[in-house]
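Colleague: I've got the model open and I'd like to go through the labels on it. Can you walk me through where they come from?

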Amino acid sequence: MRKFKETVIEKGLQASALVTIAVTVGIILVLSIEAILFFKEVSIIDFLTDTQWTPLYTDKHFGIITLLSGTLLTSFIAIIFAVPVGLSISIYISEYAPRSFRKTIKPALELLAAVPTVVYGFFALTVVTPFLQTFIPGLAGFNSLSAGLVMGIMIIPFVSSLSEDALHAVPNSLREAAYGMGSTKLQNAFRVLVPAASSGIIVSIILAISRAIGETMIVAIAAGQQPRLTIDPTVPVETITAYIVQVSLGDVQHGSLEYRTIFAAGITLFIFTFLLNTVSYKIRKKFREKYE
Amino acid sequence: MNNIRKNRIKDQVFKFWGIACTFLGLILLMIFIGSIIVDGVQRIDWSFITSLPSRKAERAGIYTALMGSVWILIFTTIIALPLGIAAAIYLEEYAKESKLASLLEVNISNLAGVPSIIYGLLGLEVFVRIMEMGASVLAGSFTLALLILPIVIVSTRESIKAVPKSIRDASFALGASKWQTVSQQLLPASFGGILTGIILALSRAVGETAPLIVIGALAYVPFAPESPMDEFSVLPIQIFNWISRPQHGFETNAAAAIIVLLLITFIMNGIAVYFRNRWQSKLK
Amino acid sequence: MKENKDTIDKSLKRKHKLQTKDVKVFYDDFMAIKGIDMNIRANKITAFIGPSGCGKSTFLRLFNRMNDYIDGFRMEGEILIDGENIYKKKVNVEQLRKQVGMVFQKPNPFPKSIYENVAYGLKIQGIKDKSYLKDKVEDSLKQVGLWNEVKEDINKSALALSGGQQQRLCIARTLAVEPSIILMDEPTSALDPISTAKIEELIYELKEKYTIVIVTHNMQQAGRISDYTAFFYMGELIEYDKSKKLFTNPEKKQTENYITGRFG
Ligand SMILES: Nc1ncnc2c1ncn2[C@@H]1O[C@H](COP(=O)(O)OP(=O)(O)O)[C@@H](O)[C@H]1O
Ligand SMILES: [Mg+2]
């Protein structure tokens, strides 16, 4: 009897765990079924090579590159800002700051990631853009620069926290070797610790990129809704995520081509983040084995 | 000698750079919160909280959105909590080292990295359309529950892992079964940690906007939900809607609503940190 | 009269490379070194022995200020190298460590190539001249007898070397920056007997050019290679003498007990 009860419980717990597999399968099925229906009407060649994205107009074009360029541009700006700052923070905290400081500052920094992104969007639109406009006269009201920078602020803790963990995990004997040779803390950090912790740092950067690519509200609010193939950070663009929001806010018939565009856009986004997450998972596994 | 002096100077320069970077984000956040408070605080009063939405900025309130957020939070908790805890127990105590366990592990790590808007697409197709829930509180809660599931699982596992092995051994040695050990020893001992993780996950859910927009949650809902099948709005969507309007009065409303949303988020984070500290000192 | 005193001071300085004056070390409230006065001679090998936890490492690491980064560390007293107090405010710690090299208990090569390991100390001083670096690397590896073993693999990872080779690499890395003092903290305790013998031989050769201070828990080793031996117990310097004297005819009862293996 007791055995039977134990088995039932185990099966129940297992079923709960399997829900996570169902979620993944569900996401992949939903995205691919709608995307396949989409590609029945739009050639995949056009999708990948067209340089315009106008599904909501009468002259329809479906060049995903246009949206992708918006996503990559805003993410690039965020990363260019967040990685040097985040990495500097991690080095400062793990090598320079007193131990007690580390304990208080890490949760404080993580607060940056806890702020809802719609709030950051408001920040970008109403504070950062007007501020930047005072010395970049041509800056449009919607632009990828302030959206990217604010997104950068949001992802700082992703970079700093994981990188700091990686630096912290480097054996102390290497620090002693470097100091024993007369290194300054800076030389120790950049010549010894950062290379030794490189896999962990790379993981943190990949996760930050993945986060930036999938970020929605900041770019939907502050970067605009004008699909445009450009690398100019001062003009409005539209990201994949912002497009999905734009369509969702409107009245689009289920089963229409417009409806399916958001799944085609979604699967593109999913593939990118999936690849990034998989790579980071692989590196992390290897890295864990290295130190244990 | 000269070079060594130069290296020292570089070292000091980097130190100050590091301090500057560390405080940069926090200072920007404070500037921003400060500016929002200046913009919005005079707008906050009892009627702002208890008024229904309106086309006139001065008359509009956040009542329906706030109630929507509360409903969503309750149902998200009801769905995600048992699922997440059960899955974590399975992974931590039952499935160790098996092939299925490593598959589940990769999978959960991947799910944690899936952009939230993708969960919106899943919810739109599965809950709103196929299961015919429409853009209801229930559909929104299911969507957000799946979204925070990986966070709940990961933090629950860590809390269970933190329970000293001796407790496990003692329980087994007394002849307790696995489930008895889990339910009578491990869960009570890791309760504080689990609670922390769940509050943090919920604070994430309360700020989510994109997936709920995708499933069709509305910015304008005349009444607060009265059943899980009702339409709803939530605070972040209300904020987004106000931000998108050109009239200045709505920007003030947005700032005021942001103050409320941030208050909720920070209070939840504060409670979580409090529980974590209390739990960690108890565990030692 | 005054001139005379100066010359005496100078010759003493030359003889006494390292001096400590009433040195006390605290880790928070715990007193790990309880007031030690000691003079260590130039171009000799001085061994520190004593039971574990008696403060040998702590004391050794004072000479290149390696304890500075430890939380709760505090020191009183003076430590002089060539008559200069190395704990004065304006002392450049990096410069000091270039002059006082250190070899650790566990070989700790950087996860870089053999070449990069040996060139590291020179590179961080800003030396970029490739041919100079190459010569210096070769020279240092030859001094530790590693050159013939690794000259083909100079660009391969140092982590691929055996433990004994790694430790000799760490010594080569230290020699490359031309220190005048080398501190060694149980440098052979993680190695097999053959590697140990090689390193002992190397240390013996090195004393011509360097002042060497070595911590060891191996009394045979101290007896074999050192000129002077200091016995520590519970943070105090119990006895310090020529090794031959200390091992054959110790003054103090505690020393005798320790070297005859009656405790520790
Ligand atoms: N970082 C530290 N913090 C606190 N106490 C320490 C630290 N390092 C060493 N000690 C204490 O100082 C004493 C001397 O240690 P150590 O110098 O390592 O001894 P030995 O090298 O002779 O074994 C020991 O009691 C040890 O516990
Ligand atoms: Mg020691």
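Colleague: What makes you say that both faces of β3(C) are covered?

Modeller: On one side sit C:I45, C:A47 and C:I49, on the other C:T46 and C:F48, and all of them are buried. Buried means under 20% relative accessible area, with exposed over 50% and partly exposed in between (1.4 Å probe, protein chains only). Before we go on: this is a predicted model, where local features need pLDDT of at least 70, side-chain atom pairs count only at pLDDT 80 or more, and totals for chains, interfaces and linings use all residues. Residues are numbered from 1 along each chain as its sequence is written, chains are lettered from A and ligands numbered from 1 in the order in which they are written, and side-chain values use heavy atoms, with hydrogens and water left out.

Colleague: Why is strand β3 of chain C called largely enclosed?

Modeller: Five of the five residues of β3 (residues 45-49) of chain C are buried, so the rest of the structure largely encloses it. Strands here are DSSP runs (E, at least two residues), helices are H or I runs of at least four, and both are numbered from the N terminus.

Colleague: Which strands does β3(C) pair with?

Modeller: Pairing needs at least two bridges found by DSSP. β3(C) has four bridges to β8 (residues 211-215) of chain C, running parallel, and four to β9 (residues 228-233) of chain C, also parallel. So both pairs pass the cut-off. C:I45 stands opposite C:I212 in β8(C), while C:I49 has C:F231 in β9(C) as its bridge partner.

Colleague: What makes β2 and β5 of chain C edge strands?

Modeller: The open sheet of four strands runs β2-β1-β4-β5 (chain C), with antiparallel pairing. β2 (30-41) and β5 (84-85) each pair on one side only. Within that sheet, β1 (residues 16-27) and β4 (residues 73-81) of chain C are joined antiparallel by eight bridges, and C:Y27 stands opposite C:F73 in β4(C).

Colleague: Why are α1(A) and α5(B) called roughly perpendicular?

Modeller: Helix α1 (residues 2-41) of chain A packs on helix α5 (residues 116-130) of chain B at about 80°, with the axes 9 Å apart. Roughly perpendicular covers 65 to 115 degrees; under 35 is roughly parallel, over 145 roughly antiparallel, the rest oblique. The pair is therefore roughly perpendicular.

Colleague: Which residues meet there?

Modeller: Contact means heavy atoms within 4.5 Å. Among them are A:I27 and A:L31 in α1(A), and B:L122 and B:E125 in α5(B).

Definitions and conventions
Axes fitted to C-alpha atoms, helices over the stretch in contact; angles between N-to-C directions.
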